[in-house]
Amino acid sequence: MESGPSTTRLSFAGGRDHDDARALVLRFLEGDARTDPYPLLNRIRRSGPVWLRHDVVVLSSRAHCEAALRAADVSRVPGDVCPLSAGRLRRAAESAFSARTAAGLVPVLRRVIDDRLDSVAARGRLEAVTDLAYPVPMAVLSHLLGLPPADAQWLHRRTMALSPALDPGPALAGADTSAAVAEHGRAAADLDAYFAQAVERSRRTEGDGLLSRLLRGEPGGERLDGAEAASVGRSLLGSGYETTAALVSGSALALLRAPHEIDAVRHDPAHAEHLVEETLRLDPPVQLVRRRAAADLDLCGTPVPRGTVMVLLLAAAHRDPALAASPDVFAADGSSPHLAFGAGPHHCPGAPLARLIASSVLVRFVQRVHGPRPALGTPSHRAASALRGLRALWVDADGFATRELPWPASPVDRPSAHPRTAAFDAAGRTS
């Protein structure tokens, strides 16, 4: 154990052996339990705050994580999920996800989902990740931003190349990340150039895409210059695409693992929203986020000195027994709170759109896919600690209904149907 100031900080391990607790954290960060990380995360949470270094603390209880997210004197760590901090660019991003914008995206979202299901109907089975989880959010985000649909595969490859370097796990665990950092730099440069060109194209055409609207500064919105608009566009795609894709595939897996949920969604399509919320709690795409203390903090009795990087294990906090009698049990009843989209001033502005996309996919999946069941084999997850996403999820089916089947009402058509979800999205005031 180190001497000096860090000795005091390491003593915050709750009286348990700190080296053992630190070893548990490193196992998680290194991806040793990616198939089912939750027993390991529960053990970490029971260990209390764990100091990896004198300036890095891992927090995993609901109380600690929420206190850190809501604290005024915290800042984001560069490269973290949802990178836009308070200010003009964040306000511009929030304006992009207004109720009016969401309502305008519903026809596009429905068309894309039906197109994707049509493309696999003859095959009699689908692979939920590549057939739905990635193409649907990319198409919707591209439409929102005013990007050409033909660029989807190029954008997918570049965006996916960003992820390895953005995962803090390997670096915190002491692994060599130079190759991932180099790949990230090349992809980031490509995306910077792409969005700079997209902004200039939007300036010339004055279309209806978000980039054009940001440049015009529509009433009630922020008017941005070209570099600012490009930054917002790239941030929305980079932070919203892969996380939404992971939410779609994770929600589909939860649906297939509990066949009674398929019947529940078929009986009441609004139940899909509850299923998405429970997936966000029990198997969240964003497993951890980082924040930096901008001042000396006291988080639930834990002193956190200024400059400390706080690693918040949201996936562990969601299963805190302080929240529910059976926190490890999947219960899509709309009653379990979570921090999957952050809280307070750093609440993710794209939360409403991510929820809309995931719940719409589930509703149409249940409507159009007859007798869905997991194909043989265990679903595989990507090797990352921060972002939990499936590599593949094959689904067998007895058949597919046609797209002429009427859609049920969209969540944006009944904003009062689920006050809990609406409250979560109200300016980030709740989690």
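Modeller: Helix α11, residues 178–205, has 28 residues and reaches 40 Å from its first C-alpha to its last. That is close to the 40 Å expected at 1.5 Å a residue, where the expected span is 1.5 Å times one less than the number of residues. Helices here are DSSP runs (H or I, at least four residues) and strands are E runs of at least two, numbered from the N terminus.

Biologist: Before we go on, where does the model come from?

Modeller: This is a predicted model, in which local features need pLDDT of at least 70 and side-chain atom pairs count only at pLDDT 80 or more, while totals for chains, interfaces and linings use all residues. Residues are numbered from 1 along each chain as its sequence is written, and side-chain values use heavy atoms, with hydrogens and water left out.

Biologist: Which residues of α11 are buried?

Modeller: A180, A187, A188, L191, Y194, F195, A198, V199 and S202. Buried means under 20% relative accessible area, exposed over 50%, and partly exposed in between, with a 1.4 Å probe and protein chains only.

Biologist: And what covers the buried residues of α11?

Modeller: The cover includes α8 (135–145), α9 (152–166), α12 (210–216) and α13. After α11 comes E206, with a positive phi near 50°.

Biologist: How do α5 and α13 pack?

Modeller: Helix α5 (residues 88–95) and helix α13 (residues 226–257) pack at about 60°, with axes 10 Å apart. Axes are lines fitted to C-alpha atoms, for helices over the stretch in contact, and angles run from 0 to 180 degrees between N-to-C directions. The two helices are therefore oblique to each other; under 35 degrees counts as roughly parallel, over 145 as roughly antiparallel, 65 to 115 as roughly perpendicular, and the rest as oblique.

Biologist: Which residues meet there?

Modeller: R88, L89 and A93 in α5 meet E228, S231, V232 and L236 in α13. The residues of this contact divide into four nonpolar, one polar and two charged. Contact means heavy atoms within 4.5 Å. Nonpolar covers Ala, Val, Leu, Ile, Met, Phe, Trp, Tyr, Cys and Pro; charged covers Asp, Glu, Lys and Arg; the others, Gly among them, are polar.

Biologist: Changing topic: is R319 buried or exposed?

Modeller: R319 counts as buried, at 8% relative accessibility. The residue is in the loop between α16 (314–317) and α17 (351–368). Leaving aside neighbours within four places in sequence, R319 is in contact with Y38, N42, R45, L282, P327 and D328.
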